[in-house]
Amino acid sequence: MIPAELDYRRAESLEDALAALAEPEAKALAGGQSLVSVLKLRLVRPRLLVDIGGLELRGVEELDGQLHIGALTTWNDLGQSEGFQRPALAGLADCALGVGDLQVRNRGTVGGSLAHADPASDLPAVLLALRASFVLRSAGGERTVAASEFFLGPFLTALAAGELLTEVVVPLPPTGSGSAYESFEHPASGFALAGAAALVRPDGERSVAACGISAQPVLVEVREEPDAALADIDVFGDDFASEEYRRHLAAVLIGRALERADERRTEDERWQA
Ligand SMILES: Cc1cc2nc3c(=O)[nH]c(=O)nc-3n(C[C@H](O)[C@H](O)[C@H](O)COP(=O)(O)OP(=O)(O)OC[C@H]3O[C@@H](n4cnc5c(N)ncnc54)[C@H](O)[C@@H]3O)c2cc1C
């Protein structure tokens, strides 16, 4: 398939990119791993493609008790980032190193994955559990949106026309926390039929989120039994997995993620020592 005719512009700076994205029917191109296929299928038909791949929005930095992840950080950057060896943040590495294949992990970016908002994508669950927020910039200014308010439905986010996601901000969990991500992958596509992320804090407080099971990634209120925690969630079924099977998978994965995050709590204390 061949994409519909469009103009292409490579942005030289963030300001340049935001000015171009303010034009009608403009769309950002980062690593192209999701966008190129939907362009070829003509599911989206922008008039202008703004290539943001050369912008300085790549890298991970720890600052004032927060982790700042640039939108153009690739899966490989994320998975190999030294800070994510820390057990409290290991859920991010679990997720990043399990995405796609080497090519996808070398080209695909964090910002592209979040903006694309495929309900089966892995990262949103981890960022929900870690209580992350996203910095959105446009020619008109900047705003910060909590991960819990960003995902609005399948392939639908709080990003407005002309806005670029520039950064993910993760509050650093206290010493003695552990995090983990567990997924069950479709054998052909590798995408999650269900995924679960957990963060367990030193005082035992737990934060859990799931992906692949409903229209958008969801925070799950943890009760004694993971099955009970899923009772209020509108889980979908499709040709690959029935609603009942997905619900069961999610409950098992939540249990595993919690167990692994809990084990990592003591490792985190040793890591920090
Ligand atoms: C073979 C294959 C296997 C995959 N397996 C997995 C998997 O197992 N798990 C998983 O979670 N994902 C998987 N993916 C999806 C992959 O993670 C995403 O395609 C990739 O991360 C998207 O990033 P990108 O930079 O390529 O985005 P692009 O394809 O360039 O863009 C995607 C969308 O996001 C928009 N966009 C990009 N950057 C920004 C930004 N900074 N601000 C605002 N909008 C932006 C674009 O306009 C476009 O709409 C797979 C993809 C492929 C091709």
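The buried residues of helix H10 (buried meaning under 20% relative accessible area, with a 1.4 Å probe and protein chains only) pack against helix H4 (90–96), strand E11 (178–185), strand E12 (192–200), strand E13 (206–211), strand E14 (218–220) and helix H9 (226–229), where contact means heavy atoms within 4.5 Å. Helices (H or I, at least four residues) and strands (E, at least two) are DSSP runs, numbered from the N terminus. The model is predicted, so that local features need pLDDT of at least 70 and side-chain atom pairs count only at pLDDT 80 or more, whereas totals for chains, interfaces and linings use all residues. Residues are numbered from 1 along each chain as its sequence is written, and side-chain values use heavy atoms, with hydrogens and water left out.

Helix H10 comprises 30 residues, 243–272, and reaches 42 Å from its first C-alpha to its last, close to the 44 Å expected at 1.5 Å a residue, the expected span being 1.5 Å times one less than the number of residues. Among its buried residues are Arg246, Leu249, Ile254, Arg264 and Asp268.

In the whole structure, 12 salt bridges are found, each being a side-chain nitrogen of Lys or Arg within 4 Å of a carboxyl oxygen of Asp or Glu. One of them joins the side chains of Asp268 and Arg86 (2.9 Å, N to O); because Asp268 lies in helix H10 and Arg86 in the loop between helix H3 (75–80) and H4, this pair ties together parts that are 182 residues apart in sequence. Both Asp268 and Arg86 are buried. Within helix H10, the side chains of Glu243 and Arg247 meet in a salt bridge (3.1 Å, N to O), with the two residues 4 apart, about one turn of the helix.

Definitions and conventions:
Buried means under 20% relative accessible area, exposed over 50%, partly exposed in between (1.4 Å probe, protein chains only).
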